[in-house]
Amino acid sequence: MMVTNDTKTNFLVPGNLSSDIASIDEESYNLAGRYRADFGSELSIGALVTAKQSEQYHNYVASGDVKYQPTKQDTITAQYVFSTTEYPDSLYKELCSEDTCIPDSSCELGDCGINERVLRTKLDDEISDDFYRLKYVHKRRNWFAFTQYESVGDDFRADLGFISRVDVTKLVAGGGYIWYPLNSSFNRIELSGDWDISHNQAGELIEEETEARIELEGSMQSFTAIGFVNRDRVGRRHDASSLAIEGNTQMFTENVGWLYFEFTPFRQISIELDADYGDSIDYSNDRLGTQLFINPGVEWNITDSVSLELSHMYRSLDVYDGELFTANLTDMRLSWYFNINNFIRISSIYTDIQRNPSLYLYSTPKENEQSLGSEILYGYKLNPQSVFYLGYSDGMQSNDDIDSLTRDEQTYFMKLSYAWLL
């Protein structure tokens, strides 16, 4: 069980096409508790409760789940969750699209940019709804199959569980075959795939996807996965004041190829690469574009006590009239372990985003944005649950209005926890 309070109340407002963070300037109290009982190796039953409450807001969740293994090859899991939620009467006003609100207005519906998060928080009374999931998995040495169905109600909320999609049902089915070659550079080969389809609770199609992939494991701790995805899914709503999907969205077809690769050429060095290329919906402008994503990374154990992790993420989206944006993110982390209990970590993350505002149809974003976040952290671990952290972090940013990186955030922090083993 965990109980905590927070000086500010933050939570996610979920939808079936988008979600957003909401914040209430009130102290909140939060509780999460979990219980599970095992009846032999075949059956386990569990329960979960969470509560998040402030003066004008609350979210209560109760859940029951069961896992049953009638044989060593078959696993059946089921979960049922029920929630009740109440939002402040004025919360929806803070979630209106600011760029389309009439100046000095009270941001009433019809006066501002209505969106999904506004419609899902402008409520007169407390709301309640449920969520349930059923899953079956069959595993053999050389093949496996699975299927899963889940349903999330319109008014279901799990604000301590990070459920980002509501008003949706999803059916998934898939499987694969596995080879274990004896005289080959690969010691494991898996060919698999799955199909899934999602609707809203009214039965309107949101997404249908088919994916095929092959996975290879070999020498030097290498792992390679190559896949192809064919997906039909809707873009943004044409009439944002309605939650309807049919007649209110455009269906796009995406074809994407992807690759993931990792290996350890030497004991001290591990290398990985994540990449994909293909169609991608430009949700800001409700059209189809072409995306390139490349994410290489390396981990170097310089000595037995000093390690360096470095990764770079590049993403670009091209539309019919040119390149919409490019984004670069570089992440560096240097760690020094004095012994098994003490360490110091220095980390830095730099982000650079370049946009072409003339290609945006419904907004005018900043052309250039850069940010740099840095942190130094000292940690002492007596055991995994008894820790002491002391650190400093700061943030810098620049954009069209700020010519060079300027510090806008500075934080000193400390954390202490101790676990009594009974």
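The protein exposes about 24,200 Å², of which carbon and sulfur atoms supply 54% (Shrake-Rupley method, 1.4 Å probe; for residues, only the protein chains shown count as cover). This is a predicted model, in which local features need pLDDT of at least 70, side-chain atom pairs count only at pLDDT 80 or more, and totals for chains, interfaces and linings use all residues. Residues are numbered from 1 along each chain as its sequence is written, and side-chain values use heavy atoms, with hydrogens and water left out.

Reader: What percentage of the residues of the protein count as buried?
Author: Buried means under 20% relative accessible area, exposed over 50%, and partly exposed in between, with a 1.4 Å probe and protein chains only. Of the 422 residues, the share that counts as buried is 36%.

Reader: Is G33 buried or exposed?
Author: G33 is found in strand β4, residues 28-39 (strands are DSSP runs of E, at least two residues, numbered from the N terminus). Its relative accessible area is 9%, so G33 is buried.

Reader: Which residues does G33 touch, not counting those up to four places away in sequence?
Author: Contact means heavy atoms within 4.5 Å. S128 lies 95 residues from G33 along the chain, and their C-alpha atoms are separated by 20 Å. With residues up to four places away left out, G33 touches M1, A47, L48 and V49.

Reader: How many helices and strands does the protein have?
Author: Helices are DSSP runs of H or I with at least four residues. The C-alpha atoms fill a box of roughly 70 × 55 × 55 Å, taken along the principal axes. The secondary structure comes to 2 helices and 22 strands.
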